[in-house]
Amino acid sequence: MATTQECRAALEKLSDNLAGADSGVRSAAALDRSLSCHVTDLGITFRGRLENGRIEVVDTVQGPPPDKAQIRLAMTGDDLVAMVDGRLNFAKAWASGRIRLEASFRDLLRLRTLL
């Protein structure tokens with residue numbers, strides 16, 4: 001099982017990957033939205049922002065997200081680490097229910113190029 005530190009490192013790596021991606025992916029991620037990532041098996045939620053194509057984790061709280069972020073992810077720690085490492089295909093994991101993504105329809109359309 002992935003640790004809290006490994007999950008935080010995965011989110012930082014994802015942020016670096018977004019920042020270094022080609023212009024099409026960067027423009028899709030160039031939103032200014034609140035973001036939460038609930039790691040279900042650890043019972044923690046990383047809260048932050050997706051801003052200028054980067055993810056900034058602001059804090060970590062116990063349990064599910066206490067407030068409703070504009071973009072909400074939920075998955076196990078192992079799935080988060082595997083997804084960022086390229087061992088888990090996001091679209092397939094999302095379609096099968098292993099990863100949950102909730103956002104407005106407009107944001108989902110913009111984020112589809114990241115999937």
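L31 sits in the loop between α2 (23–28) and β1 (32–39). Helices here are DSSP runs of H or I with at least four residues, strands are runs of E with at least two, and both are numbered from the N terminus. This is a predicted model, in which local features need pLDDT of at least 70, side-chain atom pairs count only at pLDDT 80 or more, and totals for chains, interfaces and linings use all residues. Residues are numbered from 1 along each chain as its sequence is written, and side-chain values use heavy atoms, with hydrogens and water left out.

L31 has a relative accessible area of 2%, so it is buried. Buried means under 20% relative accessible area, exposed means over 50%, and partly exposed lies in between (1.4 Å probe, protein chains only). Neighbours within four places in sequence aside, L31 contacts L50, E51, N52, I71, D107, R110 and L111. A contact means heavy atoms within 4.5 Å. L50 is 19 residues from L31 in sequence, and their C-alpha atoms are 6.3 Å apart.

T76 is also a loop residue, placed between β4 (71–75) and α3 (77–85). T76 counts as partly exposed because its relative accessibility is 26%. A polar atom of the T76 side chain lies 3.1 Å from the backbone nitrogen of D79. C7 is 69 residues away from T76 along the chain, with 9.4 Å between the C-alpha atoms.

Strand β2 (residues 44–51) pairs with strand β3 (residues 54–62) in the antiparallel sense, over 8 bridges. Two strands pair if DSSP finds at least two bridges between them. R47 has D59 in β3 as its bridge partner. The two strands form a hairpin with 2 residues between them. In that turn, N52 has a positive phi of about 55°. In a regular strand, side chains alternate between the two faces of the sheet.

The chain has 1 aromatic pair. Rings of Phe, Tyr and Trp (its six-membered ring) pair if their centres lie within 6.5 Å; planes under 30 degrees apart count as stacked, over 60 as edge-to-face and the rest as tilted. The rings of F90 and W94 have centres 6.1 Å apart and planes at 35°, so the pair is tilted. F90 and W94 are 4 residues apart in helix α4 (residues 90–96), which means about one helical turn separates them.

Accessibility of the residues discussed:

| Residue | Relative accessible area | Class |
|---|---|---|
| L31 | 2% | buried |
| F90 | 12% | buried |
| T76 | 26% | partly exposed |
| W94 | 32% | partly exposed |

**The whole chain**

The chain holds 5 helices and 5 strands. Their order along the sequence is α-α-β-β-β-β-α-α-β-α. The radius of gyration is 13 Å, close to the 13 Å that the globule rule gives for 115 residues, so the chain is as compact as a globular protein of that length. That radius is taken over C-alpha atoms, and the rule is 2.2 Å times the number of residues to the power 0.38. The C-alpha trace spans about 35 × 30 × 25 Å along its principal axes.

Of the 115 residues, 42% are buried. Among contacts between residues at least 6 apart in sequence, 58% join residues at least 24 apart.

Methods: Polar contact = N/O pair within 3.5 Å; in protein donor to acceptor, adjacent residues only side chain to side chain.
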